[in-house]
Amino acid sequence: MNEVSQQLYLSSSPHIHSGETTAKVMRAVLYSLVPACAVAVYFFGLSALLVLLLAILGCLGTEAVCQRLMGQPVTIADGSAAITGVLLALNLPPTSPWWLTLLGAVIAIVIGKQVYGGLGSNPFNPALVARVVLLISFPVQMTTWSAPAPLGSGLDLVTTATPLGAWKNAVMLTGQAPVELQGGTAQYFLGNMAGCIGEVSALALLIGAAYLFYRRILTWHIPAAFVGSVVVLSGLFWLINPAKYPSPIFHLVTGGLVLGAFYMATDMVTTPVSPRGMLLFGVGCGLLTVLIRLFGGYPEGVSFAILLMNAATPLIDRYLRPRTFGVQAGKG
Amino acid sequence: MCAAHNRLADMKRKTFAGGIHPPDNKQWSAHLAIEDCPLPAELIVPLAQHIGAPSVPCVEVGQQVLKGQVVGSAKGFVSVPVHAPTSGEVLAVEKRPHPWGMALPAVVIRPDGEDRWSPELQPADPGELSPEQIVEKVRQAGVVGMGGAAFPAHVKMSPPPEKPIKTLIFNGVECEPYLTADHRMMLEEPERILQGVALLQYVLGVERVVIGIEANKPDAIALISEMCAGTPVEVISLEVKYPQGAEKQLINAVTGREVPSGGLPMDIGVAVHNVSTAAAVADAVVHGRPLIERVCTVTGPAIREPKNLRIRIGTLLSHLVDVCGGLAEEPGKIILGGPMMGFAQLGFDVPATRGTSGLLLLRHEDVDPQPEGPCIRCARCVQACPMNLLPTTIAAYARRSLSAEAAEYRAMDCIECGSCSYVCPSSIPLVQVIRFGKAAILAKKRKE
C-alpha cells in the first residue's frame, strides 16, 4: 500500500495544531461561570435563574437573527453569545423584569457586538454596553436590590441597598461611613449581600477564575493589576480617613469588583494583547473604579471603568508593544 | 508525583521566554538504534542542497564515479561541492523533482553495488593541520548545517577577525516533535561528535564550549556528560520547550544574551553547530570523507515501522518508505523535516538531501485543517512568540498588503517557528501569512 492518493495536503509549516478552538475556549469560560450562577440561584432563587435563562436565550436568538439578516453563517455554536448572555445576567439585579433582561440581550448583541462585525471586532465589552445602557435608561429597575433569601430559608426577597449603595448614601447624608457595613466583609465574600446576580459571591467567582487560570485562558496580568491598584488607591484614602472611606477589603468583596476584574476586564476581544498593555489596562480599571466609587455619582464604578479602558485599548496596543527579542530597549 | 517532580526540575532548567509545548511524539523511534538503509536502485543527488549558490555539475552522463568523488563543484565562498554517495554510473544530469517544491538540477547515479571509495580521499592526523587547513577540508567535504537549514559549515568556521568567537554551542536540542536522529547520534556515535567538537573548538580558538541538550533526552545528557568529564566542554540540560533548538533561542538559553535584530550570532561572539554537523566535520577532517550520508528519522502514524536510518544523500523517499515496511495508512501529508518547520511534499519522488533530518508521514486525521475563524485577540500567539512579536497584528497587516506597517511591527524578526499558528484557537495561519508579508517586504526593498 504505497500508493498515494491525490488527496495530499500541501501547505507551509507548521503541520500540526494544538487542537484548541475558539469554541473550546468559550466553553471553558462558560463552565467557569457555573459556580457563580449556582450561588446566585441559591441566594436569589428562581428569579435569578429566570434572568440567566432569558439573557442566554435572548443573546443566542438575537445573534442568530442578526446573522440570518446579514446573510452570514450562524455561529451561535461557538459559545461567545452564550457567554455574553451569562455575563449580562450576572450584571443585572436578580429582580430584573423579563423585558429588561431581553432588551439587555438585544442591546448587547446588536449594539455591543454585531454592528462592529461580530466576534472579535467589537471595541467594547458587549455585556457591559448593555448594562450601562440599561442603567442609564432604567435607573429604577436597575438599582432595585433585594436582600438574599437562600433557598429553603422561607424568606421572601426584600428590597434593600447594596453595601456600596448603603455606604454612598450614608456618606452623603452624614459624611461618615456606617460601622456595621465594614463588619460584614466575610459574609459579602461568600455572597450574602444585595447586588447584581454575579456580584454576590466573590468566592464562587474566584473558584471559576482558578479553573480559567489552570486552563491558561486567563493570565494574571489584568486581574492582578486591577485588584492591586484598587487596594493601593482605596487603601490610601482609608489610611487618610478611615471614618469616611471604606477599607480596601470592603472594596474588594463588595460590588462588581471580582466579577469585573476576573471576567469583564479580561474579555480577550476588548483588552490589550501584550503583557505590559494588560497591566496598564488593569491599573487604569482599578484607579477609575475607586475614583468613581468614592467621588462619582454612581455607587459602583467597575462597569464604567472597564468600558473607558476598552476605549483606550487600541491606543495601549499601539504604544505598549512588547520589546522584540534582539532589539535594545528604547531603540524601537 | 514523579511527573510533578520532573516538571519542577524542568522549571529550573535554562530556557528562553515564550514558546510552546507540543506533544513530542518521539516515543515511536527514540529507542530504535540507527540502521543502515540499503542502497537504492538509483540516487538522485541534487546540486542545490544548501543555502548559497548551487554546485556546478562536473561529471558527464555515462561516466563511472567512485564513492566520495566530487560530482558538483562549489561556486563561490558560500557554496560547497556535492559528492557521489556511492560508486556507480552517472545516468543523467538533469532537472529532477526537489524537496523545495520544484524541479532542480541533479546528478542521477546508478549504484554498481560495490560501494568503492575514491582513492583520493585520505585520512589525516588533525594534530598536524592548521586551522585554515581544517576549514578547507570541511569545505571540500561539503559539510553543511545538518539541523535543517543546511548553511555551509566552513563559512561559520571562518568569522571575520573583528568578530572573534568566544562561545561555541553545539545544538543537541532536537526540539522538533517526532525527530530522533540527533538523539540517536548522541547515543550511538558520541566519539565522532566529540571529535568534531574538539576540532571546531581548536579552529575557532574559543573560551567556552557548550553542548545543549533538551531534558527529554536524559540518556544522551548522561552519556555525553560522562564523556566530557574532565574536559572544558560543558553539557547543559535545557527545558523541553519548542523552539528551544532555534539558534537565537538556544544562544539566549545558554548565554543569556540576545542576537541583535538583523544580526548574526558572531555579532555577540557565538557560533552554533548541530551535533550531527560536528560528527560530519570529524569525518571530513580525520577520515577525509565527504558528507554523503546522514541519519534520518522516518516516522509518523502513517508509516508501518518507524526507523532511524543512515541514508545516502539522494535516496528517494519512496525507497525510505519501502525500507520502513511501507505505509500503514494512506498519508494525508508527507513532510521532510519535523512537523513544526518541515516542508510538505507533493509525493515520494523527491530525494533526501543533506538537510533531511526526518521524513514524517501524517494521516488525514492528523492534518485535517480546521476552518479559520476571526481573531478573538486571545493573545496566545503573543505569549507563544519566542521573538516577542505580535503575530496577530503583523498577520493582519500582511493580509492587507500593508507591508510598511508589517515591517514596523518587526515582521522581519520572525523566525517562522510556527508557534503562533500552533496555538491559535481560531486556526488562523499566522506564520504562513507572516511569511507572505516578509516576502512582500523583501520584494519592496529590492525594488527600492
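This is a predicted model: local features need pLDDT of at least 70, side-chain atom pairs count only at pLDDT 80 or more; totals for chains, interfaces and linings use all residues.
Chain A has an average pLDDT of 88, with 89% of its residues scoring at least 70.

Where they touch, domain 1 of chain A contributes 29 residues and domain 2 of chain A contributes 28 residues. On the domain 1 side, at least two residues each are supplied by α1 (22–32), α2 (34–44), α3 (46–69), α4 (80–90) and α6 (126–137) of chain A, and the largest share, six residues, comes from α2(A). Sorted by class, that side of domain 1 of chain A consists of 23 nonpolar, five polar and one charged residues.

The contact between the chains brings 33 residues of chain A together with 54 residues of chain B. On the chain A side, the residues that touch chain B comprise 15 nonpolar, 14 polar and four charged.

Turning to chain B, its secondary structure comes to 15 helices and 17 strands, and its C-alpha trace spans about 65 × 55 × 50 Å along the principal axes. Chain B has a radius of gyration of 22 Å, which agrees with the value near 22 Å that a compact globule of 448 residues would have. Buried residues account for 58% of the 448 residues in chain B, and, of the contacts in chain B between residues at least 6 apart in sequence, 73% join residues at least 24 apart.

One part of chain B to examine is an open sheet of three strands, which follow the order β3-β5-β6 (chain B) with antiparallel pairing. Because β3 (56–57) and β6 (82–83) of chain B stand at the edges with a single partner strand each, one side of each is left without a neighbour in the sheet. Strand β5 (residues 70–73) of chain B is joined to β6(B) by two bridges, and these strands run antiparallel; B:G72 has B:V82 in β6(B) as its bridge partner.

Among the helices of chain B, helix α2 (residues 131–140) has as its buried residues B:I134, B:V135, B:K137, B:V138 and B:R139, so that the buried set includes B:K137 and B:R139 as well as B:I134, B:V135 and B:V138. These buried residues of α2(B) pack against α3 (153–156), α5 (190–204) and α8 (275–287) of chain B. After α2(B) comes B:G142, with a positive phi near 70°.

A last stop is B:R304, placed in the loop between β13 (293–299) and β14 (307–312) of chain B. B:R304 counts as partly exposed because it has 13 C-beta neighbours inside 10 Å. Leaving aside residues up to four places away in sequence, B:R304 touches B:C324, B:G325, B:G326, B:L327 and B:A328. Of these, B:A328 is 24 residues away from B:R304 along the chain, yet their C-alpha atoms are separated by 4.6 Å.

Conventions
Residues are numbered from 1 along each chain as its sequence is written. Chains are lettered from A and ligands numbered from 1 in the order in which they are written. Two residues are in contact if their C-beta atoms, placed from the backbone, lie within 7 Å. Ala, Val, Leu, Ile, Met, Phe, Trp, Tyr, Cys and Pro count as nonpolar, Asp, Glu, Lys and Arg as charged, and the others, Gly among them, as polar. Two strands pair if DSSP finds at least two bridges between them. Helices (H or I, at least four residues) and strands (E, at least two) are DSSP runs, numbered from the N terminus. pLDDT is the predictor's confidence in each residue, from 0 to 100. The radius of gyration is taken over C-alpha atoms; the globule rule is 2.2 Å times the number of residues to the power 0.38. A residue is buried if 20 or more other C-beta atoms lie within 10 Å of its own, exposed if 12 or fewer, and partly exposed in between; C-beta atoms are placed from the backbone.
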